Structure formats: structure tokens, C-alpha cells
Amino acid sequence: MARTTLTRTVLAAVSAAALFALGACSSDAGTETGGGGETGGADDGVITLGFSQVGAESGWRAANTKSIQDTLTAENGFDLKFSDAQQKQENQIQAIRSYITQGVDVIAFSPVVETGWDAVLQEAKAAGIPVILTDRAVDSDDESLYESFIGSDFVKEGVTAGEWAVEQYDGEGYKAVELQGTTGAAPAIDRKEGFESAIEGSDIEIIDSQTGNFTRAEGKTVMEGFLNKHDDIDLVFAHNDDMGLGAIEAIEAAGMTPGEDIKIITIDAVKDGMQALADGKINYIVECNPLLGPDLADIAKAVIAGEEVEKRIVVKDEAFDQEAAKEALPTREY
Ligand code: AHR
């Protein structure tokens, strides 16, 4: 299509060996699937899009991957090349370099951490390949390195969680522990900042805070450590549902009742989390909408058509208490 350049055509021509090397194997360097067709140009009307996903760490991520794979289909005009970075930045950089070598039309990715992207994004820019960020931001002074960033306002999510905590528990001297997301990831940094700013000046105090890497297993392990160390925990703020669900397991194993003896606030609102909220094991959930596939498809088509696109597209999120969760669950998409 319109954006095919000489540079990219040349790159596509020399790409076969590199493409085979990465695409044919599944290893510690991440996995790549899809994209059986030709690469290097959308002159045929098909947009070849290389997507580098963070991993498969949570229910949210599974829903996000499904949304992307269900939307960027051949019927919808896409040849999707998808790779799973297994939560490692080096795997994402390798995947992006492979997409550049293959001469895809568009690269999209959800950066596992915020920093360290300038060099590879410069390479994409030099190759004339537009980049779209989904879900998570990069920390870069050069906004020309990407076309658009589609995702939630993570600071606002943290603020919403913190404001609810203050509304419910201020004046009761609550001691909170925090299960942080992946160290250096935008949602971990922003949700922490938002929550802390909302509880500032209240008598809710964060007595311990550690990463659980956004996974249920690590959330459980970290919560076990918190319970061994502190006998006065009133509240858990988990940066996602999965870590909150891991914390529930740890609290129950310690002979306490989650949602009563220890209150729990999480972020995401995936089905498992919403069920735990409806069951009274979680007290409040701030949504983070993972259904980014349709917006990504629209923006990719607009970019390829040479249209101007919005630099920042903020996804709308809701928040749920127990009653709202019970109401929403029967028709919940993810
Ligand atoms: O970047 C979004 C976050 O990543 C989700 O809240 C979390 O569940 C996922 O792992």
C-alpha cells in the first residue's frame, strides 16, 4: 500500500533467512506464530502487522491477546504476525528487529517495561515502518518514534482504587500492603503513584510493597511473605486481579477470611476477579479494559492510508463493588 518504501523493499528481500531463523523456532527468546503469507508491503491491500506481546502472565493478557488475534484477521485485511516475549524486554527487541527485517507494514507492541526502547524504535523509523503502542507506554523524549499509543490511564486507575479505600477505610488506621506489577512496567509505576497520591493525608498506611510480577503464583508467594512478616495487615492493594487472587489463596491458607479479615482492592476486572468480588473475597475492582484489538486495527488502517491519527487514545475504564460485579458478571466479555 501507500507506505511501501525502497528501504523496506530491500529489507524484505534480504529477510528470508532471518525470518526463517526466528519464525521456525520457539525458544527462550519468545515465540512467534501466524503470518503464513508474503511480507513486505500492503500493495495487495493486506496490512502485514507484527505484534510483540508482553507474555501470558495474567487473565487480562489472555483477553488482550484474544482481542488482537480475533480482530486483526485476514477477513479484516490483516496478515498478523504475533510473538510472545515471555515478559522479557530482550525478546521484544528481538521480535521488533525481526519484524523490521521482514519488512512488515506496521509494528505494534505492548512494552514490558517503560525504558530502553529508543534504539530499536529508531531502527523501525529508519526503515520507514510505523509503530503503534498498545496497552503500555514507553518513556522516551522522542514522540516521533511512534504514531499512536492506545491504552488505559493507569495513574487514574490507581487514584480510583485509592479514593475508594479512603472513602471506605479512612479513620480506621488501616495498614495496607501493596502487590506491585512488573518492576519498571508502566502500569506498576503509574498505579503505585496514583494510589499513593489518593491515600496521602489519610490514615491508611502502606507498610510493605513488593512486586508479584502480575502473576497469580508470585502474588501468592509475596503475600505469604507479607503474612509471615506482619500480623496487622488490614488491606491489600494488588496492581492486578491475578495477584489479588494469589493473595486470596495465601490469606485462606493462613486461616483468615479474604474480604473480611483482610480487605482486597485490585485492578483489571477480568472474570475470575469479578467472581471473587461477587463472592465477597475481593472488595473493589477498578477496570482496565483489555479489548484493544478494534482500536489497533482502526489506527493501523488509518496510518497505512496516510491519515493523521491521535497520538494518545485513552481507553475508558469503570470500577466495581460487589453489587456491580454481580450485575455485570452474566454478560462479562472477559
Ligand atoms: O498492562 C496491563 C496489565 O498487564 C494488566 O493490568 C495486568 O493484568 C497485565 O499483566
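Twelve helices and 13 strands: the protein has 12 of the former and 13 of the latter. Keep in mind that this is a predicted model. Of the 334 residues in the protein, 54% are buried. Now contacts with a separation of 6 or more. Residues 24 or more positions apart account for 77% of them.

Let's take the helix pairs. Start with helix 4, residues 89-102, and helix 5, residues 118-126. They pack at an angle of about 10 degrees, and their axes are 10 Å apart. The cut-off for roughly parallel is under 35 degrees, so helix 4 is roughly parallel to helix 5. Who makes the contact? From helix 4, Ile 93, Ile 96, Arg 97 and Ile 100. From helix 5, Val 120, Glu 123 and Ala 124. By class, that contact has five nonpolar residues, two charged and no polar. A word on spacing. An α-helix has 3.6 residues a turn, so residues three or four places apart point the same way.

The crossing of the two is right-handed. On the helix 8 side we have Arg 216, Gly 219, Lys 220, Met 223, Glu 224 and Leu 227. They meet residues of helix 9, including Asp 242, Met 243, Leu 245 and Gly 246. Further along helix 9, Ala 247, Glu 249, Ala 250 and Ile 251 are also in the contact. The contact of helix 8 with helix 9 divides into seven nonpolar, two polar and five charged residues.

Next, two helices one at a time. Helix 3 covers residues 59-71. Its 13 residues should span 18 Å at 1.5 Å a residue, and the end C-alpha atoms are 18 Å apart, so the two agree. Which residues of helix 3 are buried? Trp 60, Arg 61, Ala 63, Asn 64, Thr 65, Ser 67, Ile 68 and Thr 71. The cover over them includes strand 2, strand 3, helix 9, strand 10 and helix 11.

Helix 7 passes the length check as well. With 14 residues it should span 20 Å, and its end C-alpha atoms are 20 Å apart. Its buried residues include Ala 186, Pro 187, Ala 188, Asp 190 and Arg 191. Gly 194, Phe 195, Ala 198 and Ile 199 of helix 7 are buried too. Among the elements covering the buried residues of helix 7 are helix 6, strand 8, strand 9 and strand 10. After helix 7 comes Gly 201, with a positive phi near 85 degrees.

Stay in that region. Ile 204 sits in the loop between helix 7 and strand 8. Is Ile 204 buried or exposed? Its relative accessible area is 6%, so Ile 204 is buried. Leave aside neighbours within four places in sequence. Ile 204 is then in contact with Ala 165, Val 166, Tyr 169, Asp 170, Tyr 174, Ala 176, Ile 199 and Leu 235. Take Asp 170: it is 34 residues from Ile 204 along the chain, yet their C-alpha atoms are separated by 6.2 Å.

Last stop, Ser 209, in strand 8. Ser 209 has a relative accessible area of 25%, so it is partly exposed. Beyond four places in sequence, Ser 209 is in contact with Glu 178, Gln 180, Lys 192 and Phe 226. Ser 209 and Val 236 are 27 residues apart in sequence, and 9.7 Å apart C-alpha to C-alpha.

Conventions
Residues are numbered from 1 along each chain as its sequence is written. This is a predicted model: local features need pLDDT of at least 70, side-chain atom pairs count only at pLDDT 80 or more; totals for chains, interfaces and linings use all residues. Side-chain values use heavy atoms; hydrogens and water are left out. Axes are lines fitted to C-alpha atoms, for helices over the stretch in contact, and angles run from 0 to 180 degrees between N-to-C directions. Helices (H or I, at least four residues) and strands (E, at least two) are DSSP runs, numbered from the N terminus. Angles under 35 degrees count as roughly parallel, over 145 as roughly antiparallel, 65 to 115 as roughly perpendicular and the rest as oblique. Contact means heavy atoms within 4.5 Å. Ala, Val, Leu, Ile, Met, Phe, Trp, Tyr, Cys and Pro count as nonpolar, Asp, Glu, Lys and Arg as charged, and the others, Gly among them, as polar. The expected span of a helix is 1.5 Å times one less than its number of residues. Buried means under 20% relative accessible area, exposed over 50%, partly exposed in between (1.4 Å probe, protein chains only). A crossing is left-handed if the near helix is turned anticlockwise from the far one by less than a right angle, and right-handed if clockwise.
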